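Please read the points below with the model open beside you.

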Amino acid sequence: SSDVCSSDLSGTVGAVNNSGAFQIDNGSAGAITNSGLFIQTGGTIGNATNSGVFTYTAGTLSGMTNSGTLWLTNASVPVTMSNFTQTNSGTTWLNLSPSSLQQISVNGAATLDGTVSLAAASGPYRIGYMTLLTANSVTGKFSNMVITPDAVSPLGTELVYSDTGVRLAITPSATHTQSSI
């Protein structure tokens, strides 16, 4: 359906197939199929299949298959789910600051592809590692990383993968190294 749910949604609704705009603040919903705009600011939802725009702020998200845009930048804590799959057409947005990187915590398997975009705050960044994702198992890799704006320059960045996680490495760049000599 193409409904806009009121923020006073309470109780339980079944599976939701959204191609319009749908927001859940309280209550719970079953499996979500989204090709429109879905906003979760609370409540509990089942596994979500997203090919539209899915914005998460708070609540319980069982799992996610993302081939659209997943905005996690408004979440104030690590986003926890049971499984996470991102296809080659998916983009996930997270916050990056000089002291922290927003995290995804997957209690099961994470299958990665597509783009991870980091909304970066300004400030002095230091060489080191920040955890981006933890999971019981990780397969695949993000095919692209975008940092907007590029507040980390002149330092370099790369994603480092293990069997159970992904970390952002902030590394010396040739420009940074030459200016330090």
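1. In strand 7, Ile 45 is the bridge partner of Ala 29. Ala 29 belongs to the pairing in which strand 4 (residues 28-29) and strand 7 (residues 44-50) run parallel and are joined by 2 bridges. Strands here are DSSP runs of E with at least two residues, numbered from the N terminus, and two of them count as paired if DSSP finds at least two bridges between them.

2. Before going further, please keep in mind that this is a predicted model, in which local features need pLDDT of at least 70 and side-chain atom pairs count only at pLDDT 80 or more, while totals for chains, interfaces and linings use all residues. Residues are numbered from 1 along each chain as its sequence is written, and side-chain values use heavy atoms, with hydrogens and water left out.

3. Strand 7 also pairs with strand 5 (residues 32-34), again running parallel, through 3 bridges, and within this pairing Thr 33 has Thr 49 of strand 7 as its bridge partner. A further parallel pairing, over 6 bridges, links strand 7 to strand 9 (residues 60-66), where Gly 63 of strand 9 stands opposite Asn 47.

4. The pairing continues from strand 9 to strand 12 (residues 83-86), which are parallel and share 4 bridges, with Gly 63 standing opposite Asn 83 of strand 12. Strand 12 in turn runs parallel to strand 15 (residues 104-112), to which 2 bridges join it, and Thr 111 of strand 15 is the bridge partner of Thr 85. The covered face of strand 12 carries Phe 84 and Gln 86, whereas Asn 83 and Thr 85 lie on its uncovered face.

5. How exposed is Thr 49? Thr 49, a residue of strand 7, is partly exposed because its relative accessible area is 41%, where buried means under 20%, exposed over 50% and partly exposed in between, with a 1.4 Å probe and protein chains only. Residues up to four places away in sequence aside, Thr 49 touches Ile 32, Thr 33, Asn 34 and Thr 65, a contact being heavy atoms within 4.5 Å. The C-alpha atoms of Thr 49 and Thr 85 are separated by 9.4 Å, although the two residues are 36 apart along the chain.

6. Asn 50, also placed in strand 7, is buried because its relative accessible area is 0%. Its side chain reaches the backbone nitrogen of Gly 52 at 3.1 Å. Beyond its neighbours within four places in sequence, Asn 50 is in contact with several residues, among them Asn 34, Met 64, Thr 65, Asn 66 and Leu 70.

7. Leu 132 touches, among others outside four places in sequence, Leu 94, Leu 101, Ile 104, Val 116, Leu 118 and Phe 142.

8. Finally, Thr 115 is found in strand 16 (residues 115-120) and counts as buried because its relative accessible area is 15%. With neighbours within four places in sequence left aside, its contacts include Gln 86, Thr 91, Phe 142 and Asn 144.

Methods: Polar contact = N/O pair within 3.5 Å; in protein donor to acceptor, adjacent residues only side chain to side chain.
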